[in-house]
Amino acid sequence: MHYSETWDLDSIFAGGIDSPALAEKMTTIKQQLTTTADVLVHWRAAADTPDADWFTQLVNNLQAIQAGIDQATVFVVAYQSAHADDTKAAPRLNQLYQLDNQLDNLLTRFKKQLVKLDANTFKALIKQPALAPLAFNLTEMRQQGLALLDDDTEALINSLALDGFQGWSDHYDTLVSAIKVPYTDETGQTTQLSAGQAQNMLAAAMPNEQRAQLMRNWEAAWQAHAAPFADTLNHLAGFRLANYRAHGTDDFLKKPLELNRMSRATLDTMYQVVADSKHLLLSYLQRKAQLLGKSQLDWQDIEAPLALGEVPSQTYDQAADFVIKNFQQFSPKMGALAKHALENRWVEAENRPNKRPGGYMENLPETHESRIFMTFTGSPNDTATLAHELGHAFHGSVIQDLPLWRQDYAMNVAETASTFAELIVADASVKAADDTKTKLTLLDAKMQNPLAMFLDIRARYLFETRFYEARQHGIVTPDELSQLMLNAQQEAYGNALSTYHPMFWASKLHFYIDDVPFYNFPYTFGYLFSLGIYAQAKTQPDFEDRYIALLRDTANMSTEDLAAKHLNVDLTKPAFWQAGVALIKRDIDEFMALSASLI
């Protein structure tokens, strides 16, 4: 079947960034904010016991405002991602940030009012049939309210955050749009690549010499702009730390853990198992170096396709059909959602200039759809990315009937459905290979996930932890940032590489995301969590129903409770994480056995 490689944004708001419907939506949101603000200002929770119907309506109004802002923001970000050179998107996005800031102020007041309710009144309210599905979320909000400052101070912090958080994050996008990376092909012709194009090319097949040249130019391009990137990262982190101190904590991991609804014990146990298991991956890297004719891999070789056997480049249509087919074998509902998404143009995949790098999925809460952004070049990694993002979309589809706050799952469990979907497609690709060299090439592609989760993302976590420790004492210079990154990479990779990527602190978007600090460890969690689910899926006939039940609970309890309820495991103990490592070891053992005769 033929699928469009460009997405449909007009069905959200017709007319592009100047859409009259978008402008009208923003006007409506402003009116809703004004009306709801008036209600909250006149509610004295300590004195007024709220009527259940009145309180339910207030909760519904707040969710409706949030849904409207999210719907509009997804549209503008999507437009900006696909038209990186259109300067009109940024001002519109800033307007939405201001509306979101006003909503944050209302939610701050709402949370503080929840604190003022006596315990019996609050318990009675959340037992109401209309509010019972939100009992966990409302209880969580009440707990958050205990740490809030007075209304004026919180409003001031939220206002300053437009420049302190969003402003610096947006500035990073502006800096990236100016990055140009020269690349000279085998004919001697030099092309100036955007950051996104260069990033895609580094993961594509090419001779070792050309890849090394491109990597040198990639590192130099970021180094040439090190000062403004360092300013951006320092000020973003500085504002975050000041915000933490204002709320009574110097623990920069406290908020990330709360956002992911997980404990420090779970985080520490997971990373101890990761550190103890990295030798498995280092043996794989050494074998890959031998297969590439090198004594040690360089940084750019980690994602380089092995290309021992013939892995034909897939068209977008072939990749889409492959994903649908293999989703259906595990879950007919997953397959049906993927088919619907592709046929209805939820995906932007065209390989063209003026697109931002990377890939993502965002849910549209009002139209109960999703939009997926990526760039498809025909590699196995692109097929994996398509599966990954469609997995996210499936997660969104099975919770769309729940109240909006029940859809607000944390980032760590957000990566569960996506990584699970990616595992399905990776295993299917390896299984379909009909000769040893092709199977090795596909196993190598599959190994990109554990390499990223255990080595690369651990390096990011080590770097970010040490950066925030240093930032508490002052500005961290570009050279110091590069040294911190180099040290973290060498530790995470066990000094197994010949060269590293010290400017990774500048080239990686995740360090500059404003609303989610420590955008790293949740990926490792999601990967290992999904491995456990995947193992169960192969042996349990009622898997689809149990899997959907787990996904529907992802914003309804702590991470530890979710695992205990649906998987019967304790995340603070090594056994669960070690079970995931065992599946990785299985793939490495197969790779080592198949490749032994080739060295």
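The request goes on with one residue, and the reply follows. Where does Thr 383 lie, and which residues does Thr 383 touch?

Reply: Happy to walk through this with you. Please keep in mind that this is a predicted model.

Let's start with the setting. The chain holds 23 helices and five strands. Along its principal axes, the C-alpha trace spans about 80 × 55 × 45 Å. Of the 599 residues, 56% are buried. Among contacts with a separation of 6 or more, 77% join residues 24 or more positions apart.

Now to your residue. Thr 383 sits in helix α14, which runs over residues 380-398. Its relative accessibility is 3%, so Thr 383 counts as buried, because the cut-off for buried is under 20%. Leaving aside residues up to four places away in sequence, Thr 383 touches Gln 314, Ala 319, Phe 322, Val 323, Phe 376 and Val 425. With one of these, Gln 314, there is also a polar contact: the two side chains meet at 2.8 Å.

Most residues other than glycine have a negative phi. Arg 345 is not a glycine, yet its phi is positive, at about 60°. You will find Arg 345 in the loop between α13 (332-343) and β3 (347-348). With a relative accessible area of 32%, Arg 345 is partly exposed. Phe 518 also has a positive phi without being a glycine, with a value near 55°. Phe 518 belongs to the loop between α19 (504-507) and α20 (521-537). Here the relative accessibility is 1%, so Phe 518 counts as buried.

The loop between α19 and α20 also contains Leu 509. At 27% relative accessibility, Leu 509 counts as partly exposed. If you follow the chain from Leu 509 to Ser 169, the two are 340 residues apart in sequence, but their C-alpha atoms are 9.1 Å apart in space. Not counting residues up to four places away in sequence, Leu 509 touches Tyr 172, Asp 173 and Arg 356.

Another pairing across the sequence involves Ala 265, in helix α11 (residues 264-291). Ala 265 and Thr 572 are separated by 307 residues in sequence, while their C-alpha atoms lie 5.7 Å apart. Ala 265 counts as partly exposed, with 39% relative accessibility.

Coming back to where you began, Thr 383 is a buried residue of helix α14, with a side-chain polar contact to Gln 314.

Note on methods: Residues are numbered from 1 along each chain as its sequence is written. This is a predicted model: local features need pLDDT of at least 70, side-chain atom pairs count only at pLDDT 80 or more; totals for chains, interfaces and linings use all residues. Side-chain values use heavy atoms; hydrogens and water are left out. Helices (H or I, at least four residues) and strands (E, at least two) are DSSP runs, numbered from the N terminus. Buried means under 20% relative accessible area, exposed over 50%, partly exposed in between (1.4 Å probe, protein chains only). Contact means heavy atoms within 4.5 Å. A polar contact is a pair of N or O atoms within 3.5 Å; within protein, one must be able to donate a hydrogen and the other to accept it, and residues adjacent in sequence count only if both atoms are side-chain atoms.
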